[in-house]
Amino acid sequence: MSDKIALSTWPTPLEPMPRLAVALGLGQDDLWIKRDDLIGLGGGGNKVRKLEWTVGAALAQGADTLVTTGAAQSNHARLTAAAGARLGLDVVLVFPGTPGSAANGSGNLVLDSLFGARIFWAGDGVPSALADVADDVCRQLRRDGARPYLIPFGGSSPLGARGYVEGGEELHAQLPDVEHVVVALGSGGTMAGLIGALGEERVLGVHCGAVADPSATVADLAGALTGRTVGPDSLRIRTDQVGAGYGVLYEPVLEAMRTAAVIEGIVLDPVYSGRAMAGLIAAVRSGDIRPGQRTVLLHTGGLPGLFGHAETVGRTVTTLQSYKAV
Ligand SMILES: *Cc1c(COP(=O)(O)O)cnc(C)c1O
């Protein structure tokens, strides 16, 4: 029983990263990057695999409007807008804040508008009540004669997470003896799906500060997916890359972004994939990942978010100017 739809072509590339591997202290054949940033819809990123399932369910139920929530620079919201555009569905994005909030004219928000999505600004100080606001928006849409379908925060329902059971199986077919998959942990569906395919021992999640209790979030989703009990204590989760909190630039993350950019020409983002890279560096330093072990960094995308993050852009440009001045 599957109403899944196709939103890209698969598999995504798995690229060896010999120079980065050596720079990190691994053997040159130990490190790959799985390029889910290259997924071919709407600028790419991990949320597309989940949307193949959730938007499929929306279509099967006869929906004509997709509704979802997130931070204003949400990659999930941007890709929901792109999926709606491709399928001829209306899209309403519910964000905290007001139209005048900082960075509203940049990054993912530019693409949301380009894809034709409507944005409902829920006002300041309501991030925790965003789901309630989204329910209200759905009621209003129904009164107006639309058939809305609400996709949860980050697409991380057990249904959406199935996209990463498939992603994990795809990776396993590319690299059967993979020992570590390092992934940014936001709303948790990506890590949970990977666990469904590869088991708890091989997946290392790097917490980005998006949820209050990452272990419980991932354990619940992975349990619902696999139909067995997944204990929060059995999960490998690093919480050392959050810094001052979700979306706040953290120095080791900027350093990790510079490393990937300078050594391999790979662009990571300051909120998610840069944190995964910083967590990978820390895991090698602490001996959790050792030379000789086949390791994959899952590149989950997020490039547009980089340009919605004034602090990161500012710091990077400053670096460039200071090089010029020398
Ligand atoms: C959402 C997101 C993640 C985290 O995925 P979850 O399934 O929410 O844990 C990682 N990287 C990027 C770029 C994202 O947009």
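Predicted model: local features only at pLDDT ≥ 70, side-chain atom pairs only at ≥ 80, totals over all residues.
Figure 1. Histidine 180 belongs to strand S7. The side chain of histidine 180 makes a polar contact with the side chain of arginine 236. The contact spans 3.1 Å.

**Figure 2. The shell around the ligand.** How many residues surround the ligand? The shell holds 16 residues. Lys47, Lys50, Ser187, Thr190 and Thr300 are the closest. Three elements, H2, S7 and helix H7 (189-198), each supply at least two residues of the shell. The largest cavity is the space that the ligand takes.

**Figure 3. Polar atoms facing the ligand.** A polar side-chain atom of lysine 47 lies 2.9 Å from an oxygen atom of the ligand. In the side chain of asparagine 75, an N or O atom is 2.9 Å from an oxygen atom of the ligand. Threonine 300 faces a nitrogen atom of the ligand. Here the distance to an N or O atom of the threonine 300 side chain is 2.6 Å. How much of the ligand's accessible area does the protein cover? On its own, the ligand has 370 Å² of accessible area, and the protein covers 98% of it.

Figure 4. Side chains of opposite charge can pair when their charged atoms come close. The side chains of aspartate 36 and arginine 49 meet in a salt bridge, with 2.9 Å from N to O. Aspartate 36 lies in the loop between strand S2 (31-35) and helix H2 (47-60), and arginine 49 lies in helix H2, so the pair ties together parts that are 13 residues apart in sequence. Are these two residues buried or exposed? Both aspartate 36 and arginine 49 are buried.

**Figure 5. A salt bridge between two loops, arginine 294 with aspartate 177.** Arginine 294 forms a salt bridge with aspartate 177, and their closest N and O atoms are 3.4 Å apart. The pair links distant parts of the chain, 117 residues apart. Arginine 294 sits in the loop between helix H10 (273-285) and strand S10 (295-299). Aspartate 177 sits in the loop between helix H6 (158-174) and strand S7 (180-185). Arginine 294 has 28% relative accessibility, so it counts as partly exposed. Aspartate 177 counts as partly exposed because its relative accessibility is 43%.

**Figure 6. A salt bridge between two helices, glutamate 251 with arginine 315.** The side chains of glutamate 251 and arginine 315 meet in a salt bridge, at 3.2 Å from N to O. Which parts does the pair tie together? Glutamate 251 lies in helix H9 (residues 251-264) and arginine 315 in helix H12 (residues 310-325), so the pair joins parts that are 64 residues apart in sequence. Glutamate 251 counts as partly exposed, at 39% relative accessibility. Arginine 315 also counts as partly exposed, at 33%.

**Figure 7. A salt-bridge network.** Salt bridges that share partners join Lys34, Asp36, Arg49 and Glu170 into one network. The model has 14 salt bridges by count.

**Figure 8. Glycine 155 in its loop.** Glycine 155 is found in the loop between strand S6 (148-151) and H6. Glycine 155 is buried, because its relative accessible area is 1%. Where does lysine 34 stand relative to glycine 155? The two are 121 residues apart in sequence and 20 Å apart in space, from C-alpha to C-alpha.

**Figure 9. A cis peptide bond, tryptophan 10 to proline 11.** Most peptide bonds are trans. The bond from tryptophan 10 to proline 11 is cis, with omega near 0°. Tryptophan 10 is found in the segment before S1. Proline 11 is also found in the segment before strand S1 (14-16). Tryptophan 10 counts as partly exposed because its relative accessibility is 29%. Tryptophan 10 and isoleucine 39 are 29 residues apart in sequence, and their C-alpha atoms are 8.2 Å apart in space.

**Figure 10. Leucine 41 and serine 8.** Leucine 41 is found in the loop between S2 and H2. Leucine 41 has a relative accessible area of 4%, so it is buried. The C-alpha atoms of leucine 41 and serine 8 are separated by 6.2 Å. Along the chain, the two residues are 33 residues apart.

Note on methods
Residues numbered from 1 in each chain as written. Heavy atoms only, no water. Salt bridge = Lys/Arg side-chain N within 4 Å of Asp/Glu carboxyl O. Helix = DSSP H or I, 4+ residues; strand = E, 2+ residues; numbered from the N terminus. Buried < 20%, exposed > 50% of the residue type's maximum accessible area, 1.4 Å probe, protein only. Near = heavy atom within 4 Å. Polar contact = N/O pair within 3.5 Å; in protein donor to acceptor, adjacent residues only side chain to side chain. Areas by Shrake-Rupley, 256 points an atom, 1.4 Å probe, with all protein chains shown as cover. 1 Å grid on protein atoms, 1.4 Å probe; cavity = no way out; pocket = protein on both sides within 12 Å on 5 of 7 lines; lining within 4 Å. Sits in = over half its atoms within 2 Å of the grid points.
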